[in-house]
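Please consult the sequence and the structure shown here alongside this report.

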Amino acid sequence: MPDSIFTVSPAPHIKSGLSSRKIMYLVALSLLPAGIAGVYIFGLSSLKVIALSILACIASEAVFLKLRNKDPMVALDGSAILTGLLLAYNLPPEIPFWIPVIGGVVSIIIGKQIFGGLGHNIFNPALVGRVFLQISWPVYMTTWKNPRWAVDAVSTATPLAREGAASFSYMDLFLGNHGGCMGEVCILALLLGAAVLLFTKIISFHIPASFIGAVMLFGWIFGGEGFFKGDFIFHLLTGGLVLGAFFMATDYVTRPLTKKGKVIFGIGCGLLTILIRLRGGYPEGVSYAILFMNAVVPMIDRYTKTRKYGFVQG
Amino acid sequence: MKRLFHEFLKGLFHENPTFRLALGLCPTLAVSTSIVNGFGMGCAATFVLLGSNIIVSSIKNLIPGKIRIPCFIVIIATFVTIVELTMKAYFPELSKSLGIFVPLIVVNCVVLGRAEAFASKHGVARSIFDGLGMGAGFTLALVLISAIREGLGNGTLMGLVITKGFEPALLFILAPGALLVIGILIGIVNYLTSLSPKGRG
């Protein structure tokens, strides 16, 4: 009998057929509605930002892979495209062309490739790029454009940065009818994409639910004058919370492995977000919160290790 | 003579305090925001290194082993005070922008490290060249780092505007820029040393 009819290999034996390439493209696909909404709300200039950011990511990934003597075609495995897309969604819709380009290069090279490429990065690459841009060129990064149909279509602050934010109705915030980063304003479109990801089980509900839950809870407790008077729906609907919670905190490489770990991670993100929003120097804290929690993921993983199957505690 | 020259050169390259030994990183991170600051800090540290190396190596047999570190600190602090007062008198602006980091040279790991690891074990002549080399290496690294940070973060070199239309990235002037630049430079230096078999290890 020939040996070849038996396959001798270590576990796992059952594979789902989902490759990381497929996952990346599915996530990118689920981000499409938010992108379309962003382009519709802010006009074609936002499409240019998205294209530049994705191109910069793919190009720098290919160049760096070539330098590391690896196949540059790996740059098309979807992760660079996803990074570029997420980075663009985190940028204001109208900025000088070189900002998304530099952001893309920094995301890929400093955020990812320096650590050894996909799967080895400690921090979410798109957020590394965004924070780099935010610190380097704060003026450009906080010059928001109003929706193209608004009367003063030049520049405003996001609702978060504005004193007396009550000028927006919840419906406006939900549909994205206000200034902000292009991919984060339309909550409806983001939720559509998130539903696809949850339905196809690419992400689990643990991180988004605990993240958003913590932001709402702490926003409610500390957000107003005195305790338990904060406007938690406002905190839910503004800034990059929904985008961050569903699409960036759930990044496979930089999140904890276990369910318990994910919940701790989500609550940490939420607490830090509210802390930065209410007490910090920046109006928005989602990206810093996620990056900070990325840094403690190894520790979370260490303390939430699952028991090995079949082993009894000695 | 060749050996003395070797002591000097090793501080510049193979045992560069910043890039190879990773010593004295706190002042490097803090003051490397402009070339003037970096150079001033480097010169101050070089003077202190030279002075402390000379004194420590010449009285090394008088210092009791158990309390050698306090003795080194007293010697170093003497030279730091000289530098600090001189700087205040003749370069008041530099002294103002370096601030607390001049008196903090007392606890600079490069100075103490060379006193402990080199000067207390070698003769005066070799210690002089070691101090000069380490100081020059430290100054070189500081000037390199601060040139990159000043150029990218402020758009100037030695206070001169280098390009028009270039929008400096504030990040490089701030703390994360320092860590980023030092990290990348250490990476490059490690890569270069890995190329030559002599520099390995």
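## Model and confidence

The structure is a predicted model. It scores ipTM 0.82 and pTM 0.86. For chain B, the mean pLDDT is 89, and 98% of the residues reach 70 or more.

## Contact between chains A and B

Chain A contributes five residues to the contact and chain B contributes six residues. On the side of chain A that touches chain B, the largest share, three residues, belongs to helix H6 (residues 125-136) of chain A. By class, this side of chain A comprises four nonpolar residues, one polar residue and no charged residues.

## Helix H6 of chain A

H6(A) consists of twelve residues and spans 17 Å from its first C-alpha to its last, close to the 16 Å expected at 1.5 Å a residue.

Eleven of the twelve residues of H6(A) are buried, so the helix is largely enclosed by the rest of the structure. Among these buried residues are Pro125(A), Gly129(A), Arg130(A), Phe132(A), Gln134(A) and Ser136(A). Within chain A, the buried residues of H6(A) pack against helix H4 (79-89), helix H5 (98-109), helix H7 (138-141), helix H12 (241-248) and helix H14 (286-303).

## Nonpolar core

The largest nonpolar core has 122 residues, and Leu85(A) and Val48(B) are those with the most contacts inside it. Leaving aside residues up to four places away in sequence, Leu85(A) touches Ala28(A), Leu31(A), Ile50(A) and Ile54(A).

Notes
Residues numbered from 1 in each chain as written. Chains lettered and ligands numbered in written order. Predicted model: local features only at pLDDT ≥ 70, side-chain atom pairs only at ≥ 80, totals over all residues. Contact = placed C-beta atoms within 7 Å. Helix = DSSP H or I, 4+ residues; strand = E, 2+ residues; numbered from the N terminus. Nonpolar A, V, L, I, M, F, W, Y, C, P; charged D, E, K, R; others polar. Core = buried A, V, L, I, M, F, W, Y, C linked by C-beta atoms within 7 Å. Buried ≥ 20, exposed ≤ 12 C-beta atoms within 10 Å, placed from the backbone. Expected span 1.5 Å × (residues − 1). pLDDT = per-residue confidence, 0-100.
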